[in-house]
Amino acid sequence: MQHINNRIHPKGSIFNDVIVITLLLAITGLFIYAWQGMHVAFNGTSLPELSQNYKDLPYYSLRTTMRLMLGLLYSLLFSIVFGVLAAKFVAMRRVILPFVNFMESVPLVGFLTFTTVFFLNLYPHSVMGLEGLAIFAVFTGQAWNMMLTMYQTLRVVPHQLTEVTSAFRCNPWQRFWRLGFLYSFPGLLWNTMVSQSAAWFALTASEMLTIGSHDINLPGVGAWLGVAIGNGDVRAVLWGVFALIVNIVVLDQLLFRPLVRFASQFKYEDVSSARQPSSWFYDCLTRSATGQLLGRLGSKFCHFWLFVLPKAWYRLKLHSLFSFLSLMNWLWASLWYLAIVVASLYSSYLLWLYLPLQYLPEFPAWMGLTAARVISAMLLSIVIFTPIGVWIGLRPQLVRFFQPVIQIMAAIPVNVFYPVITVIILTWHQSLDVWTIPMIMLGTQWYVLFNVIAGTSMIPSQMMEVSRVFRVGGLMWWTKYILPAIFPYLVTGIISAAGGAWNAAIAAEVLNWGSVTLKTTGLGAFISTTTEAGQNPEAALGCIAMCLMVALCVIFIWQPLYRYAETRFKFD
């Protein structure tokens, strides 16, 4: 692995320090300002009306960015904890993986339906309750995808690297942070970037809330776009998209691109890459005295985290306690499964009393129509964007160019494109049934593309050299080299795309632009219509029916694909 150059360049050190200190102070001040705005009073029925003045967009962007960053932080914590549990413990894996696959495809409106009251009661008389709901929506948009990536990469860590950590007598804590986490970090980072697409989609819905008979809009870019689309205001939509793009570019330059540059040193290969990702902010940090100081503080924290903190664990004899408890794993596994069965039966009983069952005879036809559209959109996304992703991923210069472009396109909520499609349908008298598939693809294709690019970029250089030496080409190059090399990433992308596809189907089967509404037949249309009308029992029934289809996919498709990827395709 390459080492970061820690020498200070005196010539540009002062200039770099000015840039770094200015940015850090600005970020700190903006964080405090936004945090204060998230804790104002709320009377439970209304907030100040959302302004459509473009001069207010910077503040709305700031509030939206706060939700994105807090949601990202919680998603990262969830990914690490549950990714490790699923990778290391079989009993936990048998529950966590189906649960995450299931939750990934649960419609966003399903989460909002059942969690709104909880967050409002958690922060009574404060807007933080609504903010918590929006942050939770961001969490549900990206946590599942990130956790699956962490799990998948932990399961395919090469054995020789694990043997090295054993030779150096690393304890389990050090083995994870010095090997498992670093090996997973590049792929996790790429999936975090593509997950921003789902996070933006979630913000558009969660910043515009309906509580009882009251419509409440949180200050944010998502709410701005939602109001502009509802009013049919093209100019406001363009301003909202512009603010969104600026927001994405700023996050890319100050957060994701420096992290991509940092993560490049953890790529598993025997030969150093000729080209590395570039980042001006990363260069400023490494060449400034401020960045060097932060680096030394970070090194001391890492030493404490890796070597001092585990000593407390062993001094308290907690490892002996857990070793003793592990002797009764059969008991804990039995209690774990029993608790899950009891909770599932009790929840099913409550739902049976809550749900309106008169719609059940019509559901099989609706479920079939929506499932056919989702499957068609996913297959087209895989066939079209897998070759494109491989083509980009094999060329570092194209990765650097397309990464921010794809990230911007992926982060634009799919419903922003719907007004254009509505105009096309009305102008040329097209059928919405035909257009639902490309609209659903807008919510799936980026997951496939980003994961394929990440998988291709992570292929060790020596494997590429071997393919060139043996002159592998044509169909053999695809079937014996590229597809096996990227298969774990492709599986993660497909599963993540499935979650985006079901959510996109809800939005795609009912289009609204100003006073114009276009609707087709399907389960997504039923959920969208009942949610907009405030019919929570009907909306919950539709979400459960969609979750049933997702559960069938988890059992018969995703779980076999996971096992196949883990056992057949691994760099060893």
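This is a predicted model: local features need pLDDT of at least 70, side-chain atom pairs count only at pLDDT 80 or more; totals for chains, interfaces and linings use all residues.

Q: In which helix does Phe 118 lie?
A: Helices are DSSP runs of H or I with at least four residues, numbered from the N terminus. Phe 118 belongs to helix H4, which covers residues 108–122, and its C-alpha atom is separated by 9.8 Å from that of Gly 132, 14 residues apart along the chain.

Q: Is Thr 64 buried or exposed, and which side chain does its own side chain join in a polar contact?
A: A polar contact is a pair of N or O atoms within 3.5 Å, where within protein one must be able to donate a hydrogen and the other to accept it, and residues adjacent in sequence count only if both atoms are side-chain atoms. Thr 64, in helix H2 (residues 57–88), counts as buried because its relative accessibility is 0%, and its side chain makes a polar contact of 3.1 Å with that of Glu 207. Contact in general means heavy atoms within 4.5 Å; beyond its neighbours within four places in sequence, Thr 64 has contacts that include Trp 200, Leu 203 and Gly 220.

Q: What does the side chain of Ser 75 reach?
A: Ser 75 also lies in helix H2 and, at 0% relative accessibility, counts as buried. Its side chain reaches the backbone oxygen of Gly 71 at 2.7 Å, while residues up to four places away in sequence are not counted when Ser 75 is said to touch Phe 139, Gln 142, Ala 143 and Met 146.

Q: How many residues does the largest nonpolar core have?
A: In soluble globular proteins, nonpolar side chains tend to be buried together. A nonpolar core is a set of buried Ala, Val, Leu, Ile, Met, Phe, Trp, Tyr and Cys residues joined through side-chain atoms within 4.5 Å. The largest one here has 130 residues, and among those with the most contacts inside it are Met 147, Phe 363 and Ile 440. Helix H20 (residues 474–508) gives the largest share of this core, 19 residues. A second, separate core of 15 residues includes Leu 47, Leu 130, Ala 202 and Leu 218.

Q: How many salt bridges are counted between domain 2 and domain 3?
A: Domain bounds come from an automatic or database domain assignment, which gives, among others, domain 2 (47–270) and domain 3 (325–354). The C-alpha centres of domain 2 and domain 3 lie 29 Å apart, and the contact takes 4 residues from each of these two domains. Buried area is the accessible area (1.4 Å probe) that two parts lose on being put together, summed over both; for domain 2 and domain 3 this is about 420 Å², with 77% of it on carbon and sulfur atoms. A salt bridge is a side-chain nitrogen of Lys or Arg within 4 Å of a carboxyl oxygen of Asp or Glu, and the count between domain 2 and domain 3 is 0.

Terms used
Residues are numbered from 1 along each chain as its sequence is written. Side-chain values use heavy atoms; hydrogens and water are left out. Helices (H or I, at least four residues) and strands (E, at least two) are DSSP runs, numbered from the N terminus. Buried means under 20% relative accessible area, exposed over 50%, partly exposed in between (1.4 Å probe, protein chains only).
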